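Trainee: I'd like to learn how to read a structure like this. Can you walk me through it?

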Amino acid sequence: MSALQTVKFYQTGTFTVGNRLLAPEERSVQANMQRTNSLNSGHRACQGCGEALGARYAIDAAMNATNRQLIAANATGCLEVFSTPYPETSWQIPWIHSLFGNTAAVATGIAAAIKVKKQKGQGQDVCVVAQGGDGGTTDIGFGCLSGMFERNDDVLYICYDNGGYMNTGVQRSSATPSAARTATTMPLGPEPGNPFGQGKFVPAIAMAHEIPYVATATVADLRDLENKVTKAMSLRGARYIHILVPCPLGWGTASHDTIRMARLAKETGIFPVFEAEHGELKSALAIRRPLPVEEYLRPQKRFAHLFGKNPAVETIARIQAQADKNIRRYGLLSKEAA
Amino acid sequence: MLKQCEGSHAVAEAVALCRPEVICAYPISPQTHIVEGIGEMVKSGELKDCEFINVESEFAAMSVAIGSSAAGARTYTATASQGLLYMVEAVYNASGLGLPIVMTVANRAIGAPINIWNDHSDSLSQRDCGWVQLFAETNQEALDLHIQAFKLAEEISLPVMVCMDGFILTHAYERVDMPTQEQVDAFLPPYEPRQVLDVNEPVSIGAMVGPEAFMEVRYLAHAKQMQALERIPQLAAEFKSVFGRESGGLIRSYRTEDAETIVIAMGSVLGTIKDTVDEMREAGHKIGVLGITSFRPFPLVEVAAALKHCKRFVVLEKSLAVGIGGIVATNVRMAVTGMGLKGYTVVAGLGGRAITMKSLTGLFEKAGRDELDPVNFLDLDWKVVNKQLEREREKRRTGPAAEAMLRDVGAVAARNY
Amino acid sequence: MQKPFAITLNPGSSLANHTGSWRTARPVYLDRLPPCNNQCPAGEDIQGWLFHAESGNYEAAWRHLTRDNPFAAIMGRVCYHTCESACNRGKIDEAVGINSVERFLGDEAIKRGWKFAAPEKESGKKVLIVGAGPSGMSAAYHLRKLGHTVTVMDAGPYMGGMMRFGIPKYRLPREVLDAEMQRIADMGVTVRLNSKVDNILEQMKSGSFDAAFLAVGAHIGKRAMIPSGDAAKIVDAISVLRSMEGEDKPMLGRRVVVYGGGNTAIDVARSVKRMGAEPIIVYRRTRDKAPAHDFEIEEALQEGVMVKWLSTIKQAGDHQITIEKMALDDKGFPQPTGEFETLEADSVVLALGQDVDLGLLNGVPGLEVTKDGVVKVGTDLMTGHAGIFAGGDMVPAERNVTVAVGHGKKAARNIDAWLRGETYAPPPKHEVAQFEKLNPWYYADAPKTVRPMLDIIRRQSTFEEVQGGLDESNALFEARRCLSCGNCFECDNCYGVCPDNAVIKLGPGKRFQFNYDYCKGCGMCVAECPCGAIKMEAEEI
Amino acid sequence: MFQVRIHGRGGQGVVTAAEMLSIAAFDEGRHAQAFPSFGSERTGAPVVAFCRIADKEIRLREPIMAPDAIIIQDPTLLHQVDVFAGLKKDGYILINTTKTFEQLGLGDFVRDWHPERLCTVSATELSLKHVGRPVPNVPLLGGFAAVSGIIKLESVVMAIRDKFSGKVADGNIAAATEAYDIVVAEMREALTHHA
């Protein structure tokens, strides 16, 4: 071999859910034949529902990470309505729905009860997840969420962000993106769609609470999502994971495009995927194939008013600027970030 | 053990004796001393195996309580007034889910105008929320009712509100007989939830229920309260056998044997009324008192029975159903439907207005002469009110009524004294 | 637990709600034809054998590969791997190094001594094969597998045919060739070397053969009319290459002009370079018009072979030749310019193509020969004479080893059917898995593994193999670059991405199944299937 | 039933004084009820607290409008609030002051009252002296035990021990005891002078 020139060796890898070539312990939770299916078949989510997918991804991962010692509290919203209409529930885990705006607090209560029971030697070490949509998290449930954060209660809160109140017919939330059409931000007037300069990015606010763990994820990066849930479950105290879950109904996209849309959101930088510990950014999932935001906007009917005969070039540029800001702020193009 | 202490402290100690596991606290006058007291006990280690959580709002307090109760922990919180209103959505939810939370309401008026003093507007605004509501007459009863409340709540799987007059009871130092831990343990068994979030037996709690079953669910909530109606007197009897004193129950009569006039009221004002009645009895008036302890469930049958032999009743209540008159009175009237009794509603003590023996004596004497209006306002400053009404008649818009009237009264701050 | 009515529900009870009724279209699994397979002249199931290689089961991979082509080690060296041009991965980064993995598998097989099993049942039929080259030996292999008694006759002293006499050692080491030839003989194939068949009908009759497959190759070098003096040394390329195999190396002198632009020209030039000569290739057109593979030209240039593009030899004399410069016309044809140049040349090697020696077919009734001097055959490769089939360089087709090997397989199948009085009907081809059917996102970034090259000094002076093989780790890596176009590789994507858990995972090797009770028909599994192995079909309503 | 009303300002321990008074009475086996004039207690604002003492259960919940005794923790209130409202004639008055009733301008108001029921004690000074802080409530209770005779000094001491501990308790006991002695002397002098 000495006479042979050096060969470069490239690490192989995969972005798929499973990989028959990996050792079982290295495979994703979703690849497992024995996965929990915490959110089971028969639920009434729309075709191609990103939230149904995200919830199963996250909760299965949490179940896996906690050896099935998990209780979930759920906010009112699509996820609740489609999963638990009497007389059937799709949940296979202990689960409670109380109200729209109190999920983080309900979870705090559950965690407190578990702690006491354990102290008394009457209970196991059970972990608590709270989950809700963006409305239940960034708007009406924000007070309870912030309270749970600042007390560092032993709860993982998962927000499934689809950018609006889809359950009630696609109204604007504080997570609705700029320029998006909703039933309450119609594409009319001088600034059509959701106004620029409004809204909030709760992961950043969560970071400001300096809680042990904050992460964002999308349904397009399963392994990343599962890793984050697993990591979160290995920590104690308040944790927050914000998962982008495209909504075919609210976004006006094809039911088969749900994952693609999430991927585009991440690849354009409009949705930064990162993790932070105790208020400090730790890593970001690097953009693999940089794309202009237009690629993300164009397939969505909620942005249809930006295209057509007279494209809203300036508006698209403003959205691009938002993505560029994310890319800078979270280092989405840096190699080290991955 | 007898001791002289503040009402809030007595309740705090009683709650601690009930071995609560989760307590959530958000400060609002006049409830603060209760949770402060328990918090101190938790922090010092005196109360073990209890999580004390300082939440960010009453809404969160009740929500945390929902979570912990659903997870099988004996759960307690306390609130008042605006706090109760702020948590209303969760209040309904707790009862809807059948979670046996016990909550003290240190009764206080509801704004606007903001007012921190006592009346019953807060609890009574929640009369239909599905909770059991028990009203304490004294600090001793407040203490005792908490012990009974946990047992009642957990047996029927419904939340219970123990209502005690803000400041008048919560901040009053008086003698109470504090039971021992052994006594409380003998009376109150450990919490065994009917339904619980358990990883070994997972269920989904809080399903969405449509028209096909919602009526039934609501009826069952009503049926639970009917069960409570049976259980409350039994619990009072059981309580007596362990603790040796009368406390709780549905209603309590005082000198009603031959009474022509029976005054009906709830809470601490019963004491003042009893003193007034004693004096009037000495002066020859045939007058008695009926105290209602259980406002929800409302003891229709018992109230009717208690009023069977009187000629008239006067409901003196610290609440106002704006636009109709009394809240308690409306309930009482339902109980005496068809009995042909004269009934008077007296709205008194709103926002902490003192209810004095002097005023009561005059009122009851008038009642005895059947000179009362159907709805009366005790010690209302008619001069101020009429002047304002006159102003309003002249000009449709006159600015905030409260400010204008305070100008008329000549004070910027309401004074008891 | 005393569950409250309606508010509290039993876990997982929604299974009673069959959401499959919402569906207007249903996903179905299918296998599409990978473009590499579609392209392979030897009809290899490339994706299929790569699938086994990916998991490190090289023997299974090799056995899968050799279902179609028994010469993995040879193919891995001499096949021009047009499959790689068709490879969809080329549209992502670079094509999968199919050829290098194939070679790795072939070498593994030799190293590990893997053999082909003899057939379980003998058919009792006898087939004669004329020519022990790639086509003949391929046919021998397939026919033997099918249980027929096979005799191979060849005029030469070794098995391999043009693989031995037309391909230099530095591209195909002889021990590799011998090993793969011998493995076929070891199946119970009778190989008679140094046995020229002069008359096929007689040979069949005397040997009681039921059928014959002719694959004698094209061994006769074409000559060109070049005015030359007596002293000029002009030889043909095939003779030169053949003589390299024997003891007597050709005496060509120091300056050797090779005339032609095909692969043979390159082979000769590179071979004589290794013998210490200074080869110059003279070709009448440009590099990009040359029929030789560009990588071969490149390697030759690296090794110091000179090339005169756009040149024809006008005259050959003693130790020198005259060449005329050419220019391409509008249509890309070379036209003389009248400019001349003289080159030193101790010899001229003509590499202008080869002809077939059809002598053995004289007098065979029904047999037809084309004007190009090759045998006419039908799509079943049967000549005009029933029972006589032909393939390889002696029939009209592209002339290369892989095509020849493919002919062998195809002929074997047709002969087998013919022997049973049937007609072979190839299974219908699946639709090709075009790039557009794939979701390339899921393939990790992984540029092609570069095979090691012998360093330049050794390449210029020895016949050691120029291109190295992959070692196990990088062969595995290269195999794993396969996109598995159109064929499920059990990535679990459909199983994972279904929001309704309507995909049932059947376990390793068993793929998946849809649970149409719950499938709402969103189509996410189709969109996110990396390899295009699912499609949507409208539900009948 | 003996009813006491205590006037002072937020921060002077007015409510605590009423509570301690009730504890002292309780310690003597009597029923007692102490309660503040409910409100948001702000430092410096006029504050009133009440205490009823009786030999049977106290049911009455109305504010004390006709007290048997008044304790005034801050004499500046005299000109702000009608501190004497409803005070029964010949009731007890104890004022935290270095001045006399005459000097405070109350001479006419109490002209023909029992002089031994009208006492002053500079409780603020006593508390500064013994406790180190200007909190006049506890010393006044000592004085009140003397002037009213409704409770014993020993009961006040017990109530102090109930509310405070250590140095603060000791200081307050010393202050209350001194106040008690001052008032006893004052009463003796008043009786002597009157006689």
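Trainee: How many helices and strands does chain B have?

Mentor: Keep in mind that this is a predicted model. In chain B you'll find 15 helices and 16 strands.

Trainee: And why would chain B count as being as compact as a globular protein of that length?

Mentor: You compare its radius of gyration with what the globule rule gives. For chain B the radius is 22 Å, close to the 22 Å the rule gives for 417 residues, so the chain is as compact as a globular protein of that length. Along the principal axes, its C-alpha atoms fill a box of roughly 70 × 55 × 50 Å.

Trainee: What share of the residues in chain B is buried?

Mentor: Of its 417 residues, 55% are buried. Look at contacts too: among those in chain B with a separation of 6 or more, 79% join residues 24 or more positions apart.

Trainee: What about where two chains touch?

Mentor: The size of an interface is often given as the accessible area lost when the parts come together.

Trainee: Which domains is chain C divided into?

Mentor: There's domain 1 (16-31 + 488-538), domain 2 (35-114 + 438-480), domain 3 (126-219 + 356-419) and domain 4 (221-353). The C-alpha centres of domain 2 and domain 4 of chain C lie 32 Å apart. Their contact takes 8 residues from domain 2 of chain C and 7 residues from domain 4 of chain C.

Note on methods
Residues are numbered from 1 along each chain as its sequence is written. Chains are lettered from A and ligands numbered from 1 in the order in which they are written. This is a predicted model: local features need pLDDT of at least 70, side-chain atom pairs count only at pLDDT 80 or more; totals for chains, interfaces and linings use all residues. Domain bounds come from an automatic or database domain assignment. Two residues are in contact if their C-beta atoms, placed from the backbone, lie within 7 Å. Helices (H or I, at least four residues) and strands (E, at least two) are DSSP runs, numbered from the N terminus. The radius of gyration is taken over C-alpha atoms; the globule rule is 2.2 Å times the number of residues to the power 0.38. A residue is buried if 20 or more other C-beta atoms lie within 10 Å of its own, exposed if 12 or fewer, and partly exposed in between; C-beta atoms are placed from the backbone.
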